[in-house]
Amino acid sequence: MAKQKVVVKLSLDDAKKRSKALKTAATMDGVMSVTLDGDKLVIIGDGTDVVHLTTKLRKKLGYADLVSVGPGDEKKEEKKESKPQGETKNVQPLVYPYQYSYPYPFVYHEKAYDYPKFYNIF
């Protein structure tokens, strides 16, 4: 997976909220670096779940607004590899086998009066 840069706007009033935000973001899977830029939290990671991160920050801090999600490598330019026109890849579609669902057993009574009768004993 490629690096991604996530910017989350937070309401950071005191040092306790700042440390809680940094700790919460740093413990997520795939996070490589976390920095604070004013009231914005900048997270660079590889394969981080952005929705889960924002939800976790909202639960801890009360307010978190997802500003942007973009590529993490801004300095490097991607080189496109040109493939020869004669080469084609043999791509086969994914085929899932059909899963047969068995019907539910149907319970019936042969006679309508087979049902138990309730008698008033008292």
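In the predicted model, Val-8 stands opposite Leu-66 of strand β4. This pair belongs to the pairing of β1 with β4. Strand β1 spans residues 3–10, and 7 bridges join β1 to β4. The two strands run antiparallel.

The β1–β4 pairing is part of an open sheet of 4 strands. The strand order is β2-β3-β1-β4, with antiparallel pairing. Strands β2 (31–37) and β4 (64–71) form the edges. Each edge strand pairs on one side only. From one strand to the next, the twist averages 20 degrees. In a regular strand, side chains alternate between the two faces of the sheet.

At the β2 side of the sheet, β2 and β3 are joined by 6 bridges and run antiparallel. Val-31 stands opposite Gly-45 in β3. The two strands form a hairpin, with 2 residues between them. Gly-38 lies in the turn and has a positive phi of about 75 degrees.

Helix α2 covers residues 50–61 and lies across β1, β3 and β4. Its angle to β4 is about 155 degrees.

Key:
Residues numbered from 1 in each chain as written. Predicted model: local features only at pLDDT ≥ 70, side-chain atom pairs only at ≥ 80, totals over all residues. Heavy atoms only, no water. Pairing = 2+ DSSP bridges. Axes fitted to C-alpha atoms, helices over the stretch in contact; angles between N-to-C directions. Contact = heavy atoms within 4.5 Å.
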